[in-house]
Amino acid sequence: MKIAYFHKIAAGLIISVSLTSCFKDENSPGYEYMPDMYRSPAIEAYIDYGEVRTWIPNDSLKNRLTALQPPVGTVPFQGSNSGNVYLPYDRMPTKGMDKTHGISSVAYSDSDYVLSALDKNPLAFNQENVDKGEVLYNRFCDHCHGEKGAGDGKVSVSSNGLIVPPANAFEKEDGQMFYSITYGKGVMGSHASQLNKRERWEVISYLKTLAGKEIPSVQEVVEEVSLKDQLLDQVAHLADEGDHKLELRDLVFKTGSASLDKGKSKETLETLVEFMKTQSVSIEVDGYTDNTGDSEANHELSQKRADAVKKYLEKNGIDADRITAKGYGEENPVASNDTEEGRARNRRTEVIIK
Ligand code: HEC
């Protein structure tokens, strides 16, 4: 009797255990016997697990594979190694920075701040980079350094002189400013976590303008690039929005007439012919004058000048259907007509590539 009772209990237990083991819990992964095979352990590149994230260096973790630099030629690269945008920065913080700025590092160097003066900004010093730098400056630096970099930001003024950056802070060399933005300087902390390397160089471009350096005007830059390269560059960007317009410098007409000065304009004309022969594009040639004299006559002259360029191209084997000629007279001036220099700029021929 007792044994039969025990059998019943045992049977009941087996049934309930096997039933509950079959219940599905959608939130549970169940047992994982080889988790490494289906979950990839995250490896963070360039992190030396032995030091970066901790105050107490752990030598056994130092310099493991993930902390090594990539082999030469495998990571996109711009500028010299110290001024690069993509690879780790190879200038070290000074020893004192572990106490003053909380930077614990694999290695320290007290001479790298001085040496950093040799590092050049790998970005072009142009309006685009300066504009990007300005946005970042207003976000991260303006409250201490002040709108114009005079050291009179809101924080500096209200802190009784405790955080007053010097007014000449931005007169340092580019590379040194990069170093100080990266690791900090004096009361200023490191901004390496707010700005990536490219952004630091962009800010530096802006700091240079605050320190009085002028951006070379677009005209100067354009003059350095040959007309052929400019034309090809426009073609390469045809898919982008906006006009693909270029001024044909060194295209000269005899004064008050629509006949081309073929001597002075030779190179421009030949470049244009070669361009049209090698590229499958159409162009519009636009003629402009300054505002001296009768505007109706100016209009007519500009049309004749545009026609003359078109005719030249046709004579040199370019299909007439690919060229439109338009005269705009004194419309759309690009400079003031009040000075001789401005008027000379307004008398011009432009091409629009289509
Ligand atoms: C908390 C206020 C504060 C902020 C925010 C700040 N700075 Fe500074 N900065 C200072 C002070 C103070 C100094 C002077 C440090 C010294 O020489 O002791 C300084 C110095 C500098 C220098 C000169 C470094 C050198 O090598 O002498 C540069 C360049 C600079 N800052 C750039 C920046 C940029 C760029 C930002 C924004 C990304 C920024 N700072 C944000 C306070 C600040």
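**Strand pairing and the helix beside it**

Mentor: S1 and S4 pair in the antiparallel sense, over three bridges; strands pair if DSSP finds at least two bridges between them. The model is a predicted one, in which local features need pLDDT of at least 70, side-chain atom pairs count only at pLDDT 80 or more, and totals for chains, interfaces and linings use all residues. Residues are numbered from 1 along each chain as its sequence is written. Helices (H or I, at least four residues) and strands (E, at least two) are DSSP runs, numbered from the N terminus.

A residue is buried if 20 or more other C-beta atoms lie within 10 Å of its own, exposed if 12 or fewer, and partly exposed in between, with C-beta atoms placed from the backbone.

Helix H11 spans residues 227–236, and its buried residues are Leu227, Leu231 and Gln234. They lie on the same side of H11, because they cover an arc of only 60° around the axis (the arc is that of the directions from the helix axis to the C-beta atoms). On the face turned away from this buried side, H11 carries the exposed residues Asp229, Asp233 and Ala236.

Now the nonpolar cores, meaning sets of buried Ala, Val, Leu, Ile, Met, Phe, Trp, Tyr and Cys residues joined through C-beta atoms within 7 Å. The largest has 21 residues, and Met177, Phe178, Val203, Ile204, Tyr206 and Leu207 have the most contacts inside it. Helix H5 (127–140), H8 and helix H9 (197–210) each supply at least two residues of this core. H9 gives the most to this core, six residues.

Take Met177 as an example of the contacts, where two residues are in contact if their C-beta atoms, placed from the backbone, lie within 7 Å. Leaving aside neighbours within four places in sequence, Met177 is in contact with Phe170, Lys172, Ile204 and Leu207.
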